[in-house]
Amino acid sequence: MLPWKRLLRPLTVLLLTAAVTVVPAATAASAATAQAEAAPSRGWNDYSCKPSAAHPRPVVLVHGTFANSVDNWLGLAPYLVNRDYCVFALDYGQLPGVPFFNGLGPIDKSAEQLKTFVDKVLAATGAAKADLVGHSQGGMMPRHYLKFLGGAAKVNALVGIAPDNHGTTLNGLAQLLDHFPGAADLLSTATPALADQVAGSAFLTKLNAGGDTVPGVRYTVIATKYDEVVTPYRSQYLDGPNVRNVLIQDLCAVDLSEHAAIGLIDRIAFHEVANALDPAHATPTTCLSVIG
């Protein structure tokens, strides 16, 4: 093999990993620990919370790749808590020896962790069903839980913010893996969740076989046309009954949020999440929702 090819193999994997890490997760260890400990006092992961008549289902937040139950939700969790939701967030997909950066393990195993967490939340709150809200991988992974692990009986709605429902080409970068022998195997071994999210992966082929949705669950997808991680952005959309696909720029044309911002700080997207959780009391989402 030529020397430049030996260099390009790890470079390809590095670039693929770097592209997915647009979701900011570079939280210092001490800060992450402090935030995690403070989360219950801020109102989420409070297992004494009982759902109200207005919001009878707890909301489970599912972080994205390289994120965790704190940093991914410093914007949306308080937004929902302030609207009187019982809000919970889990950590999943941990790799041995890798602290704070989660969502890296095999996605089917992560879905099993979600199943256990939802059961814990339902037992604590006394609710019959939960609503799920996920960002990036966190908007797609729950579909495995719904389809293969009995989750449809315990979930009312799934809201995906920039979810990679049909995988990603990372603007064509993922296709480079085919040109460098061993690169895909290295990616799969080091970070299985990244390999699972490449368009055409065995995981996604199984997930989407026979249809995108399962009966009894409402689905909402909130996407941005400026997404540089899940590409093309329309691959995020779902087909099937009880599906609403939303492009954030159709609600506010000047919203420039990309893959990370739409899940972390975009209050226009947050307003649309609230509408999806309580469609009977939905209000129009506009550019003014940023101050709502």
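A disulfide here is a pair of cysteine sulfur atoms within 2.5 Å.

First, the ground rules. This is a predicted model, so local features need pLDDT of at least 70 and side-chain atom pairs pLDDT 80 or more, while totals for chains, interfaces and linings use all residues. Residues are numbered from 1 along each chain as its sequence is written, and side-chain values use heavy atoms, with hydrogens and water left out.

Disulfides, then. How many are there by this rule? Two. Number the bonded cysteines in sequence order and the pairing reads 1-2, 3-4.

Take C49 and C86. Their sulfurs lie 2.0 Å apart. The angle about the S-S bond is -80 degrees, and the link is left-handed. C49 sits in the loop between α2 (29-42) and β1, and C86 in the loop between α3 (76-81) and β2, so the bond ties together parts that are 37 residues apart in sequence. A word on those labels: helices (H or I, at least four residues) and strands (E, at least two) are DSSP runs, numbered from the N terminus. Both C49 and C86 are buried. Buried means under 20% relative accessible area, exposed means over 50%, and partly exposed is in between, with a 1.4 Å probe and protein chains only.

Now C252 and C287. Again, S to S is 2.0 Å. The torsion about this S-S bond is about 105 degrees, so the disulfide is right-handed. The pair links distant parts of the chain: C252 is in the loop between α10 (248-251) and α11 (259-264), C287 is in the segment after α12, and they are 35 residues apart. Are these two cysteines buried or exposed? C252 is buried, at 3% relative accessible area. C287 counts as partly exposed, at 32%.

Next, the sheet. Six strands form an open sheet, in the order β2-β1-β3-β4-β5-β6, with parallel pairing. Two strands pair if DSSP finds at least two bridges between them. Which strands stand at the edges? They are β2 (87-90) and β6 (243-247); each has a single partner strand, so one side of each is left without a neighbour in the sheet. From one strand to the next, the twist averages 15 degrees.

Let's walk across part of it. Strand β3, residues 130-135, pairs with β4, residues 155-161, over six bridges, in the parallel sense. D131 stands opposite A157 in β4. V133 has V159 of β4 as its bridge partner. Moving on, five bridges join β4 to β5, again parallel. Here A157 faces R218 in β5, and G160 has V221 as its partner. Five bridges also join β5 to β6, in parallel.

Contact here means heavy atoms within 4.5 Å. Axes are lines fitted to C-alpha atoms, for helices over the stretch in contact, and angles run from 0 to 180 degrees between N-to-C directions. Helix α4, residues 107-125, lies across β1 (59-62), β2 and β3, at about 155 degrees to β2. Helix α12, residues 267-277, lies across β1, β3, β4, β5 (218-223) and β6. Its direction is about 170 degrees to β5.

Finally, rings. Phe, Tyr and Trp rings (the six-membered one for Trp) pair if their centres lie within 6.5 Å; planes under 30 degrees apart count as stacked, over 60 as edge-to-face, and the rest as tilted. The structure holds three aromatic pairs. In one of them, Y233 and Y237 have ring centres 6.4 Å apart and planes at 80 degrees, so the pair is edge-to-face. Y233 counts as buried, at 13% relative accessibility.

Charges also sit over rings. That takes NZ of Lys or CZ of Arg within 6 Å of the ring centre and within 35 degrees of the ring normal. The charged end of R83 sits over the ring of Y79, 3.5 Å from its centre. K206 lies over the face of F148, at 5.0 Å from the ring centre.
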